Amino acid sequence: MRPPGQAARWQWDPRVTAWRCDAMYYRALVADEQNKDVVDTAAEYLVSPGLVWRHTYRLYAHQVDALNAWMQARRGCIVLPTGTGKTLVAMEIMQRLNLPALIVVPTRDLMHQWAERLEIGFGCTCGMLGDRLRSIRPVMVTTYESACLHMKEIGNKYPFVIWDECHHLPGPMRGDSARMAIAPFRLGLTATPVDGVRRTEETEQLIGSVVYRIGIKDLAGDVLAPYKIVLKSVKLSDLEAQRYTSLGQSLKAYFGNVTSGIAEAQWKRLCHDAATNPAARVALKAARARKRILDFAEAKFQALEEIFRRHLASGVIVFVNSNVVAMEVSRRFWIPCLLSHCGRAERRDIREGFASGAYKAFVANRVANEGLDIPSAKVAVILGGRSSRRDAEQRLGRFLRQ
């Protein structure tokens, strides 16, 4: 017999001869069965952390509006530009609920940053799960990857879960960190919400709909520092242009027509066909060679050198889209290189060295898009041109704090 209530949520599991449903439906199931004879042994919540502010913070008007909007629904996503105090809003909600809370973040740097802010703000000892750390406490921070692996063990211990940078959540793996948690109270934080109907619907199912949203332009000059975006175009050298055009002929022979780039569907098809089709292998090599020409165009490095000459005293961050380009910039200009595989000590040294002025510049790949707050920087360079709108907004917010 199928369980009562929202029947569509249940699936029969022949392995254990029982009905199952995702843990995220716990709140709805309890509401469905509240007047029935049901034995509930799911929740094993940790002891309330007893959070009390150690500092007096003044919330901006947009933070108060976001706080009130979420408290009314008790679930959902808050969309605020990077640098406008999403973390502080979340901490205020934590203090008001005063429940065991789990914070899920995309990077190890952000995990340590959250733990530090929580310990300073509340004076509590914060647990961490990830980066070779395992400390289960009423307030705990973990990474998306660690949450996916361990939510089956900790998913019934926290009634409140926060997903920072929640645009990373939709998907068959990372989404498990929400599906396997029974938490009735759910908060998503992001500056760049997901695109597309399917991903939006999945986020609403896992966390809730957007309850508050405001953009960068609405806060620039007040909450955020005023800024100016300068676009600088460069040209390929004659030799680079000839090589680029020649490689394009190989792609044109395979696809029929190629202009500036390969669409995602074409790229997937090309990678698939290259395993068995010699012509596809030639086209794939040509596509990668063309990309390398664009990534390593000499005019880009000349333009970057001129920017360093003019603005190095102000502190410069260089954003790139691959490790190999980051290492080339680091080698050419003798500046630190922040990559995803850098150890904790190296990451800390780069951040603190830049903040103190010991390093006048550093280069980073996409690992610096999130979880890296550097208000001391005055100039940021995106060396590329193929970055997405989400990358651009995340990078812009890294240094716009007043």
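Author: Start with leucine 118. Beyond its neighbours within four places in sequence, leucine 118 is in contact with Met91, Met94, Ile103, Gly123, Cys124, Cys126, Val139 and Val141. Bear in mind that this is a predicted model.

Now step back to the core around it. The largest nonpolar core has 38 residues. Leu118 is among the five that touch the most other members, along with Ile93, Met94, Trp114 and Phe160. Which elements give two or more residues to this core? Three helices do: helix 2 (61–73), helix 3 (86–97) and helix 4 (108–122). Four strands do too: strand 4 (101–105), strand 7 (139–143), strand 8 (160–164) and strand 9 (185–190). Helix 3 gives the most, with seven residues. As a general rule, nonpolar side chains in soluble globular proteins tend to be buried together.

Most residues other than glycine have a negative phi. Asparagine 98 is partly exposed, with a relative accessible area of 25%. Arginine 132 also has a positive phi, about 70°, and is not a glycine. Its loop runs between strand 5 (127–130) and strand 6 (133–134). Arginine 132 counts as exposed, at 87% relative accessibility.

Further along the chain, look at a helix pair. Helix 9 (residues 238–255) packs with helix 11 (residues 278–295) at an angle of about 150°. Their axes are 9 Å apart. An angle over 145 degrees counts as roughly antiparallel, so helix 9 and helix 11 are roughly antiparallel to each other. Their crossing is left-handed. On the helix 9 side, the contact includes Tyr244, Leu247, Leu251 and Tyr254. On the helix 11 side, it includes Ala283, Ala286, Ile293 and Leu294. The residues of this contact divide into 13 nonpolar, two polar and three charged.

Last, the whole chain. The protein chain has 15 helices and 14 strands. Buried residues make up 48% of its 402 residues. Of the contacts with a separation of 6 or more, 71% are between residues 24 or more positions apart.

Key: Residues numbered from 1 in each chain as written. Predicted model: local features only at pLDDT ≥ 70, side-chain atom pairs only at ≥ 80, totals over all residues. Heavy atoms only, no water. Core = buried A, V, L, I, M, F, W, Y, C linked by side-chain atoms within 4.5 Å. Buried < 20%, exposed > 50% of the residue type's maximum accessible area, 1.4 Å probe, protein only. Contact = heavy atoms within 4.5 Å. Axes fitted to C-alpha atoms, helices over the stretch in contact; angles between N-to-C directions. Parallel < 35°, antiparallel > 145°, perpendicular 65-115°, else oblique. Left-handed = near helix turned anticlockwise from the far one by under 90°. Nonpolar A, V, L, I, M, F, W, Y, C, P; charged D, E, K, R; others polar.
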